[in-house]
Amino acid sequence: MKDHGPPLSRRHMLSLTAGAIPALSCAPGLAVAPPSGLDAIARSRGLRFGTAVSPTHLDDPAFAQLIVRECSVLTAENNFKWKYLEAKEGQRNPAKALRVLRFASRHRMSPRGHTFVWNQDDRVPGWLIANEAALAQKGGAPLIALMNDHARYLATTFPQIESWDCVNEAFVVQSGQLKNSIYTRILGMGFFDLAFQLMAQYAPPCAARL
């Protein structure tokens, strides 16, 4: 089998794609040059183009400039996730997430929140898993209380976010089955409705919930 080399990183793909756009206008037979830039192309089709970044990406001036030029929507790769915001129970640190939001605001980009609930055990705080037996008591009431508190924290700490991913990667791609996680083991399918209800309760009314 032919070796096609390692997969492209997000940074490499963004750079290659952005560099290819101007070449389209040079193709013979095109009467009208296409929009320039990934977000401009997306907007011409009624869409928006964005990316996810780590705060360390913003330390690279060239890459930061590329993001500003090509994107109008921005989220953090990990820093809005519960596992990273509250790695230790009761100790929250939003500094890195806020840095991404400041960059988005400075460059008039729409901020997106990713994510409220990630339906996968290795993507939630370890202390949740360690306390699963206790959180399952009384029909999962302790877990629901923690989810309620976390949703309120997200909405009040990041009120400028215009859209939230309420549930992420809920199903096994290969089979279409619901993933086995702390949420499904304790709350079953009900965790879906609960996630959307909580973000609807606390996020600004104008914020999209996906």
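Buried is used here for a relative accessible area under 20% and exposed for over 50%, with partly exposed in between (1.4 Å probe, protein chains only). The model is predicted, so local features need pLDDT of at least 70 and side-chain atom pairs pLDDT 80 or more, whereas totals for chains, interfaces and linings use all residues. Residues are numbered from 1 along each chain as its sequence is written, and side-chain values use heavy atoms, without hydrogens and water.

1. Helix α3 spans residues 61-70, and its buried residues are F63, A64, L66, I67 and E70. Because they cover an arc of only 155° around the axis, they fall on the same side of α3; the arc is that of the directions from the helix axis to the C-beta atoms. P61, A62, Q65 and R69 are exposed on the other side of α3. Helices (H or I, at least four residues) and strands (E, at least two) are DSSP runs, numbered from the N terminus.

2. The N-terminal end of α3 is capped by D60, with a side-chain oxygen 3.1 Å from the backbone nitrogen of A62. The polar contact criterion is a pair of N or O atoms within 3.5 Å; within protein, one must be able to donate a hydrogen and the other to accept it, and residues adjacent in sequence count only if both atoms are side-chain atoms.

3. Two backbone angles deserve attention. R108, although not a glycine, has a positive phi of about 55°; R108 is in the loop between α5 (95-106) and β3 and is exposed at 79% relative accessibility. K138, also a residue other than glycine, has a positive phi near 55°. K138 belongs to helix α8 (residues 137-157) and is exposed, at 78% relative accessible area.

4. The peptide bond from H114 to T115 is cis, with omega near 5°. T115 is part of strand β3, and T115 is also among the residues lining the largest cavity.

5. The search of the whole structure finds 1 cavity of 30 Å³ or more. A cavity is a set of points on a 1 Å grid over the protein atoms alone where a 1.4 Å probe fits but cannot get out, and lining residues have an atom within 4 Å of a point. The volume of the largest cavity is about 40 Å³, where a volume is the space filled by probe spheres set on the points, joined across faces, edges and corners.

6. Which element gives the most to the lining of the largest cavity? It is β3, with 3 residues.

Methods. 1 Å grid on protein atoms, 1.4 Å probe; cavity = no way out; pocket = protein on both sides within 12 Å on 5 of 7 lines; lining within 4 Å.
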